Amino acid sequence: PPLDEQPSRGRKRVYLLRHGMTDWNLRGLVQGAGHDIALNDAGKSQATYAAEELAALPIRVVASSHLARASATADAVYAHHPTAKRLIDAGFGECNYGELEGRCLHSDDEDARRSKRQFDQVSEDMEQDADAGYPGGETANEVVARARKALQKLLREECSPEDSHICIVGHGRINRLLLASLLYDDATQFGHIEQGNTAISVVDYDPELVEKDGAGGWSEVVLNYCAHTEDRGAASGGCY
């Protein structure tokens, strides 16, 4: 299994998770950065399944977004690693969708259809231009800048040389943008990266491969690993 493999000497392994399901995921409501929605019962079960999947790994640091759905998912992981450092950083919070936050995208009324068209159009624009963003919200570059700042702070200031296994729980869009930036040095490539609820994406960091401008150093192990939920028939909700 890919999660059982060990990183090469000198590398750090990061397990980047999306949070468990919320009722707003099910209803197709845009949570974003401004609506702090708790996990529903299905989401709590998903968090438990993900935590069990990671339980045997030597995780030394568990970090998360400040938002409840991500923090609660991280707490489930932390319960299996009580000697790990538990950190919270708003830099891992979800993309700010601006005027679209709180709107329903999955209803059959005209307002929902209009909101969905707007949401999809901006998402498509982001795949062409990282300076594209949601009205009143963030651009792809702004999301990546704060996420990478939080990640570098975590690696440089919070992790000791022995902390080679790190878990971070974030959100659907920020995780996709961050992974595209780390792996491809291009946030606009986020479109093909999927993130189901409690999906586990594993990347390795080798500081010796980082270039002078800060690029490079990251390699993919596995993206959107969901066996822990798929094996139990758990559904995944909207990525908002």
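In what order do the 6 strands of the open sheet stand? The points below take this up first, then the helices and the aromatic pairs.

1. The model is predicted. Its open sheet has the strand order β3-β2-β4-β1-β5-β6, with mixed pairing. The edges are taken by β3 (85-88) and β6 (218-225); each has a single partner strand, so one side of each lacks a neighbour in the sheet. On average, neighbouring strands are turned by 15° against each other, direction ignored.

2. Strands β1 (residues 12-18) and β5 (residues 200-205) run antiparallel and are joined by 6 bridges. Within this pairing, V14 has V203 in β5 as its bridge partner.

3. Helix α3 (residues 68-78) packs on it, touching β1, β2 (61-64), β3 and β4 (165-170), and its direction makes about 170° with that of β2. Helix α6 (residues 172-184) lies across β1, β4, β5 and β6 and runs at about 150° to β6.

4. There are 4 aromatic pairs in the structure. One of them, F119 with Y134, is tilted, at 5.4 Å centre to centre and 35° between the planes. F119 belongs to helix α4 (residues 110-126), while Y134 sits in the loop between α4 and α5 (140-158), 15 residues apart. Both F119 and Y134 are buried. Ring pairs also bring in Y97, giving a cluster of Y97, F119 and Y134.

5. Y205 and W218 form a tilted pair as well, because their ring centres are 4.7 Å apart and their planes stand at 35°. This pair links strand β5, which holds Y205, to strand β6, which holds W218, 13 residues apart. Y205 counts as buried at 11% relative accessibility, and W218 counts as buried at 10%.

Technical notes. Residues numbered from 1 in each chain as written. Predicted model: local features only at pLDDT ≥ 70, side-chain atom pairs only at ≥ 80, totals over all residues. Heavy atoms only, no water. Pairing = 2+ DSSP bridges. Helix = DSSP H or I, 4+ residues; strand = E, 2+ residues; numbered from the N terminus. Axes fitted to C-alpha atoms, helices over the stretch in contact; angles between N-to-C directions. Contact = heavy atoms within 4.5 Å. Phe/Tyr/Trp six-rings, centres within 6.5 Å; stacked < 30°, edge-to-face > 60°. Buried < 20%, exposed > 50% of the residue type's maximum accessible area, 1.4 Å probe, protein only.
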